[in-house]
Amino acid sequence: MSILQAPIFSHSTGPFSSCSCRRSIRATANAPKTQMSPLFIPTICSRGLAEELEKDHNSVINLNTCRRQSTNPPEALVVAKFYAIMEAVADRVEMHKNIGAQRDNWNHLLLTSINSITLTAATMAGLATTAGTGATLVALKVSSTLLYLSATVMLVVMNKIQPSQLGEEQRNAARLFKQLYREMQTTMSLYKVTNIDVINEAMEKVLALDKAYPLPLLGAMIEKFPKTVEPTVWWPLKRQRRLERLGEEIDGNGWDGKLEEEMREIVGVLKRKDAAEYLRLSQKALKVNKILAISGPLLTGLAALGSSFLGTTHGAWAVMLAVIAGALASVVNTLEHGGQVGMVFEMYRSNAGFFRLMQGIIESNISLREVERRENGELFKIKVALQLGRSLSELKHLAALSSSRKGEEAIEEFASKLF
């Protein structure tokens, strides 16, 4: 056992002499060893020193608490909510992208399968005329009828859901969610996200997109053959709030009377030409799609009826009906779903919605009397020109041309050069 050595003071007397110190140390050396905790204060410290250390410890804790509070102001919670919405938007982009690819596969697979079934049934109906009588005739007759009936049921379902149109809806949704995500990134870079209204506006945009492009097929699916054609609306109708910029505002905010007049003329052209034209085209596409959607199942149904009369006294016209109607059904099905008429209808309707959105954005800006609440005029003009596929000089020329033709025949030129 080791013996602790204490310093020896040769001139010390009394109870704290070297001998007494050595004896006390020898006596306590045999005591059981205790593990000291990090907060253990040795007994040799005075009470005043212990209180001073305790105060220092509390001051360190208070300092750390203040630092955490200073790095997490109330604005940080708003920013965290904004980032949470951005994460949800990014997830929706991938979701709509994957579902859009899936519904494109539906269109291709169903089109190929139904055409194969229809042509196989027509071939069996034709072969039944050379089979004579007996089991061979019955087998070909029943097989052809069942295949035609199956094709009819599948065509009814396919024409109801319009897979090509479903795919276009999901592609539009993915593109618009990507656009919203980039818009939110720009907001984080250029503006101070400190107002809860910014969060509410972002939430409204996300929910408006969810409503415009639903994912479920049952119950929430968009009507594929509406009675009246309306432009697609994927934005909240509430006016957008102005954000606080990081930099200083320019006097006049880039707006003047001339720019306001140009924007009004652009809105007029969009209403008269672009939006009206795409609504007219979407109505035509809808009519064509309705005719094809009715004709396909009707032809396969007639072909099934003709197949059921094979081998009877009406065998001549029965085989003609079965073969010819089946062939026409394949042609109609290819025109409708191979040509993706439903997708064309949705594209036209979405373009009409895009022009209506542009009208709303321009009108909401020029309707504000306080120019400081508007978006910067120069930046806004560049955005409008890019959205329409024009240069700034072309945009100005279009506004001047529209203004000069007031009271006369409307101009033939469209505002957009992209569509």
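Which residues in H9 meet which residues in H10?

**View 1. Contact of helix H9 with helix H10.** In this predicted model, Phe354, Met358, Ile361, Ile362 and Asn365 in H9 meet Phe380, Val384, Gln387 and Leu388 in H10, where contact means heavy atoms within 4.5 Å. The residues of this contact divide into seven nonpolar, two polar and no charged.

**View 2. Axes of H9 and H10.** The axes of H9 (residues 341-366) and H10 (residues 377-388) come within 12 Å and cross at roughly 165 degrees, the angles running from 0 to 180 degrees between N-to-C directions. H9 is therefore roughly antiparallel to H10, a term for angles over 145 degrees. The crossing of H9 with H10 is left-handed, that is, the near helix is turned anticlockwise from the far one by less than a right angle.

**View 3. Two annotated transmembrane spans.** An unreviewed UniProt entry annotates as "transmembrane region" several spans, including residues 134-157 and 316-335; such annotations may be inferred rather than shown by experiment. Residues 134-157 are 96% helix and 0% strand, with end C-alpha atoms 35 Å apart, whereas residues 316-335 are 100% helix and 0% strand, with end C-alpha atoms 29 Å apart; helices (H or I, at least four residues) and strands (E, at least two) are DSSP runs.

View 4. The chain has a mean pLDDT (the predictor's confidence in each residue, from 0 to 100) of 81, and 77% of its residues reach 70 or more. Over residues 59-72 pLDDT stays under 50, and the model has zero contacts beyond four places in sequence for them. Residues 242-249 also have pLDDT below 50, but this stretch has 22 contacts beyond near neighbours in sequence.

**Notes.** Residues are numbered from 1 along each chain as its sequence is written, and side-chain values use heavy atoms, leaving out hydrogens and water. Local features need pLDDT of at least 70 and side-chain atom pairs count only at pLDDT 80 or more, while totals for chains, interfaces and linings use all residues.

How values were computed:
Parallel < 35°, antiparallel > 145°, perpendicular 65-115°, else oblique. Nonpolar A, V, L, I, M, F, W, Y, C, P; charged D, E, K, R; others polar.
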